[in-house]
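Reader: Can you walk me through this one? Keep it short, please.

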Amino acid sequence: MEWLKINSSKVIDFLIRKKSAVYMVSGVLTAGGVEIIAGRFIESIIWNYLLGKNIVSGVLSDVSPLYGVSIVFLAVALVVFERFMIHKENINSGNISKIRPLNGNFTKSCEFFFKGNRIICIDGPINHISSVDVICTSENNYLEPAKLSSSSTSGRVRKAVAKKSISGEIIEDVVINDISEWKRQNNALGKTLPLGTVVETSSGELVSKGIKNIFHVITVRQKENSNEYEMPLDTISSGINEIFRKLNELSLSSVSIPVFGAGSANKDITECIKITCDSIFNSLERNTNKLVYISTYRESDHKKVVAYIKNITNE
């Protein structure tokens with residue numbers, strides 16, 4: 001029976017790697033039940049054959065006591081699986097549920113589902129993210145990305161996208177080159193862009209992390225006769241609507257969206273979280289099979305995002 005134990009172990013190891021408690025418990029119980037039934041069944045056939053007894057009656061006599069135990073194991077596994085399917089059905093019907101904390105390159109993370117879409121709240125440097133089609137940044141209406149040394153989302157993404165030498169020296173500023181080319185092609189050199197505009201550029205070095213595009217969202221405008229900038233909060237909604245329009249236009253399904261206004265715009269964080277989250281959920285009403293990361297840099301902001309989603313969904 002060694003082959004059966006080995007295969008059962010492989011099944012259990014696979015399920016554990018899936019990091020799902022439901023699958024793991026169901027898998028262990030099912031594998032255990034199957035192993036008991038199959039092992040005792042084969043053993044009974046062999047022994048009854050060697051002893052010259054009637055194989056059918058012998059097997060029924062030998063296996064029946066353990067058969068009941070195995071059925072109990074399988075029944076428990078089926079109940080657990082059934083509860084999981086009911087939970088999944090509730091998710092697909094539009095109810096949002098917190099599933100589990102996620103591990104990864106972020107300080108904290110939390111996952112929700114909404115009408116066939118996944119929403120993951122993450123906290124940490126945006127340049128650590130991987131395996132997402134698009135990263136969004138906030139830009140001014142002249143589409144002038146932040147400096148490479150900036151700690152803003154725009155600056156961090158610009159630096160992460162830039163191509164570097166073996167020693168880490170930047171040899172190509174991909175974001176600036178792509179934006180300059182876009183401005184030339186669209187006759188936008190020296191001109192301001194409407195708030196809510198989204199311009200896509202390539203992902204440069206981040207392509208190795210599975211990132212396909214950068215979306216530069218125009219959310220900030222320069223005040224007249226001043227070097228200061230302002231962010232009208234209604235810009236967040238129009239920008240997020242445009243993000244999802246472009247995702248569909250480019251046939252992309254996953255995106256990382258920051259809480260707009262939470263950085264150098266110096267807006268009230270509670271209001272920024274409300275408008276960002278509400279706009280994302282409104283867009284997801286018209287979409288399906290989207291993966292959305294809502295990213296924050298500070299853990300305190302992350303907690304507020306999670307608390308807001310729990311509040312509006314009665315979690």
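Reader: Start with E242. Which residue does E242 meet in a salt bridge, and at what N to O distance?
Author: E242 meets R245 through their side chains, at 2.8 Å, N to O. A salt bridge here is a side-chain nitrogen of Lys or Arg within 4 Å of a carboxyl oxygen of Asp or Glu.

Reader: How are E242 and R245 placed in helix α6?
Author: The two are three residues apart in helix α6, so about one helical turn separates them. Helices are DSSP runs (H or I, at least four residues), strands likewise (E, at least two), numbered from the N terminus.

Reader: Is R245 buried, exposed or partly exposed?
Author: R245 counts as partly exposed, at 40% relative accessibility. Buried means under 20% relative accessible area, exposed over 50%, and partly exposed in between (1.4 Å probe, protein chains only).

Reader: Where do the numbers come from?
Author: This is a predicted model: local features need pLDDT of at least 70, side-chain atom pairs count only at pLDDT 80 or more, and totals for chains, interfaces and linings use all residues. Residues are numbered from 1 along each chain as its sequence is written, and side-chain values use heavy atoms, with hydrogens and water left out.

Reader: How many salt bridges does the structure hold?
Author: Twelve. One of them joins K246 and E200, at 3.1 Å, N to O. K246 lies in helix α6 (residues 234-249) and E200 in strand β7, so this pair ties together parts 46 residues apart in sequence.

Reader: And K246, buried or exposed?
Author: K246 is buried, with a relative accessible area of 8%. E200 is partly exposed, at 27%.

Reader: What about D133? Which residue does D133 meet in a salt bridge?
Author: K212, at 3.6 Å, N to O. The pair links distant parts of the chain, 79 residues apart. D133 sits in the loop between β3 (117-123) and β4 (134-140). K212 is in the loop between β7 (198-202) and β8 (213-222). D133 is buried at 10% relative accessible area, while K212 counts as partly exposed at 47%.

Reader: Let's move to β4. How many of its seven residues are buried?
Author: Six, and β4 is mostly covered.

Reader: In which sense do β4 and β8 pair?
Author: Parallel, over seven bridges. Two strands pair if DSSP finds at least two bridges between them. T137 stands opposite H216 in β8.

Reader: Over how many bridges do β4 and β10 pair?
Author: Two, again in the parallel sense, and β10 covers residues 254-258. I135 stands opposite S256 in β10.

Reader: C110 and C277, buried or exposed?
Author: C110 counts as buried, at 5% relative accessibility. C277 is buried too, with a relative accessible area of 0%.

Reader: Last one. Where does I42 sit?
Author: I42 is in helix α2 (residues 21-50). I42 is partly exposed, with a relative accessible area of 30%.
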